[in-house]
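Biologist: I'm new to reading structures, and I'd like to learn how to look at a side chain and its surroundings. Can we go through one together?

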Amino acid sequence: MMTDQDSNFLKSVIRDVPNYPIEGIMFRDITGILDDAKAFHLCIETLKQRYQNQGISKVVGTEARGFLFGAPLALALGVGFVPVRKPGKLPRATISQTYELEYGQDTLEIHQDALITSDKVLMVDDLLATGGTIEATTKLVRALGATVHDAAFVIGLPDIKGHERLQKLDVNVYTMVDYLGD
């Protein structure tokens, strides 16, 4: 269970980078968590405790920072890890899902044989803003016949409404640290 003290600790190691990647954006840099063994352990252990008795059979992480939290969480849960990547990065046959960005589109892919119908999936990424990436990931997971109703993030930006977008897809959202006003 994430306490206020835990959340404040994580916020103390997350670095704010103004005007990155473009003017007017406050980028929340999670590399401070990765650089601090206590903070990184706290993230993985918190997620493990939350999901260890939920019947999760696979953790799906989105490129690229979702890999940083998803893979160690899968190991901690004793389940497999499935990467969702940008086009052309996976070596076997894939399916793809295109989604809208603020200025254009992007596409994600997953191996066609990465999941089976009996899999119960937990999606993991570092940050939830608009929810577009995880919406696309949800569609990929469901297209393969697996079940997914949960997504976990280190950081949430609730004012950008990604939580609401995912709830419309019947996806429960968990964030460890929320930044309001972003």
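This is a predicted model: local features need pLDDT of at least 70, side-chain atom pairs count only at pLDDT 80 or more; totals for chains, interfaces and linings use all residues.

Biologist: Where is Arg-85 found?

Modeller: Look at the loop between β4 (80–84) and β5; Arg-85 is there.

Biologist: And is Arg-85 buried, exposed or partly exposed?

Modeller: Buried means under 20% relative accessible area and exposed means over 50%, with partly exposed in between. Arg-85 counts as partly exposed because its relative accessibility is 22%.

Biologist: What else does Arg-85 touch, leaving out residues up to four places away in sequence?

Modeller: Besides Glu-63, Arg-85 touches Phe-67, Leu-90, Thr-107, Leu-108 and Glu-109. Take Glu-109: it sits 24 residues from Arg-85 in sequence, yet their C-alpha atoms are 5.3 Å apart in space.

Biologist: Now for pockets. What volume does the largest pocket have, and how many residues line it?

Modeller: Its volume is about 1,300 Å³, and 36 residues line it. Nearest the centre of the largest pocket are Arg-65, Leu-101, Leu-127, Ala-129 and Thr-133.

Biologist: What kinds of residues make up the lining of the largest pocket?

Modeller: You'll find 18 nonpolar, seven polar and eleven charged ones there.

Biologist: Which element supplies the largest share of that lining?

Modeller: That's β7, with four residues.

Terms used. Residues are numbered from 1 along each chain as its sequence is written. Side-chain values use heavy atoms; hydrogens and water are left out. On a 1 Å grid over the protein atoms alone, a cavity is a set of points where a 1.4 Å probe fits but cannot get out, and a pocket is an open set with protein on both sides within 12 Å along at least five of seven lines; lining residues have an atom within 4 Å of a point. Grid points are joined across faces, edges and corners, and a volume is the space filled by probe spheres set on the points. Helices (H or I, at least four residues) and strands (E, at least two) are DSSP runs, numbered from the N terminus. Ala, Val, Leu, Ile, Met, Phe, Trp, Tyr, Cys and Pro count as nonpolar, Asp, Glu, Lys and Arg as charged, and the others, Gly among them, as polar. Buried means under 20% relative accessible area, exposed over 50%, partly exposed in between (1.4 Å probe, protein chains only). Contact means heavy atoms within 4.5 Å.
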